[in-house]
Amino acid sequence: MSTQPEPVSVTILDKKYQFACEPDQRNDLIEAARQLDERMNEIKDTGRLMSLERIALQVALNFSAELVKLRANEDFRQKNIDNRIRLLADQIDDALKS
């Protein structure tokens, strides 16, 4: 049974925005908006004159770069886990054959 989207208000760079989301995604949306607001304010507070669009683009690029890095780390970690599992399975097979 699906639930109806509910309105959620968030503030980003001192401006209120309203979004609709599923009730079980409300906390994630609020946290994402908080992080976005924090990052946008950090860039705004550097003192360089930037339009809202440029600030948003810089934050989006920073988030994208972090995501690329996290995915690469996850791929590396998963390959290491897979290799370790194969090694352990081979050791168990060898021990059972003995």
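# Salt bridges, a hairpin and a helix pair

User: Which residue forms a salt bridge with Arg77, and what is the distance between the closest N and O atoms?
Analyst: In this predicted model, Arg77 pairs with Glu74 in a salt bridge, and the closest N and O atoms are 2.6 Å apart.

User: Where do Arg77 and Glu74 lie?
Analyst: Both residues belong to helix α2, where they are three residues apart, about one turn of the helix.

User: Is Arg77 buried, exposed or partly exposed? And what about Glu74?
Analyst: Arg77 has a relative accessibility of 39% and therefore counts as partly exposed. Glu74 is also partly exposed, its relative accessible area being 35%.

User: How many salt bridges does the structure hold?
Analyst: There are four of them. One is formed by the side chains of Arg34 and Glu38, at 2.9 Å from N to O.

User: Which residue meets Glu66 in a salt bridge?
Analyst: Arg39 does, through its side chain, with an N to O distance of 2.8 Å. Glu66 lies in helix α2 (residues 52-97) and Arg39 in helix α1, so this pair ties together parts that are 27 residues apart in sequence.

User: Are those two buried, exposed or partly exposed?
Analyst: Glu66 counts as partly exposed at 35% relative accessibility. Arg39 counts as partly exposed at 25%.

User: Turning to the helices: at what angle do α1 and α2 pack?
Analyst: The angle is about 120 degrees, and the axes are 9 Å apart. The two helices are therefore oblique to each other, since the angles counted as roughly perpendicular run from 65 to 115 degrees and those counted as roughly antiparallel are over 145.

User: Is the crossing of α1 and α2 left-handed or right-handed?
Analyst: The crossing is right-handed.

User: Which residues meet where α1 and α2 pack?
Analyst: From α1, the residues are Gln35, Leu36, Arg39, Met40, Ile43 and Lys44. From α2, they are Leu52, Ile55, Ala56, Gln58, Val59, Asn62, Phe63 and Glu66.

User: A change of topic. In what sense do β1 and β2 pair, and over how many bridges?
Analyst: Strand β1 (residues 6-12) pairs with strand β2 (residues 15-21) in the antiparallel sense, over seven bridges. Among the partners, Glu6 is bridged to Cys21 in β2, and Thr11 stands opposite Lys16.

User: How many residues lie between β1 and β2?
Analyst: There are two, and the strands form a hairpin around them. Leu13 is in the loop between β1 and β2, and Asp14 lies in that loop as well.

User: What is the phi of Leu13, and what is that of Asp14?
Analyst: Leu13 has a positive phi near 50 degrees, although it is a residue other than glycine. Asp14, which is not a glycine either, has a positive phi of about 65 degrees.

User: How far apart are Leu52 and Leu13 in sequence and in space?
Analyst: They are 39 residues apart in sequence and 8.9 Å apart in space, taken from C-alpha to C-alpha. Leu52 itself counts as partly exposed, at 47% relative accessibility, whereas Leu13 is buried at 15%.

Key: Residues numbered from 1 in each chain as written. Predicted model: local features only at pLDDT ≥ 70, side-chain atom pairs only at ≥ 80, totals over all residues. Heavy atoms only, no water. Pairing = 2+ DSSP bridges. Helix = DSSP H or I, 4+ residues; strand = E, 2+ residues; numbered from the N terminus. Salt bridge = Lys/Arg side-chain N within 4 Å of Asp/Glu carboxyl O. Buried < 20%, exposed > 50% of the residue type's maximum accessible area, 1.4 Å probe, protein only. Axes fitted to C-alpha atoms, helices over the stretch in contact; angles between N-to-C directions. Parallel < 35°, antiparallel > 145°, perpendicular 65-115°, else oblique. Left-handed = near helix turned anticlockwise from the far one by under 90°. Contact = heavy atoms within 4.5 Å.
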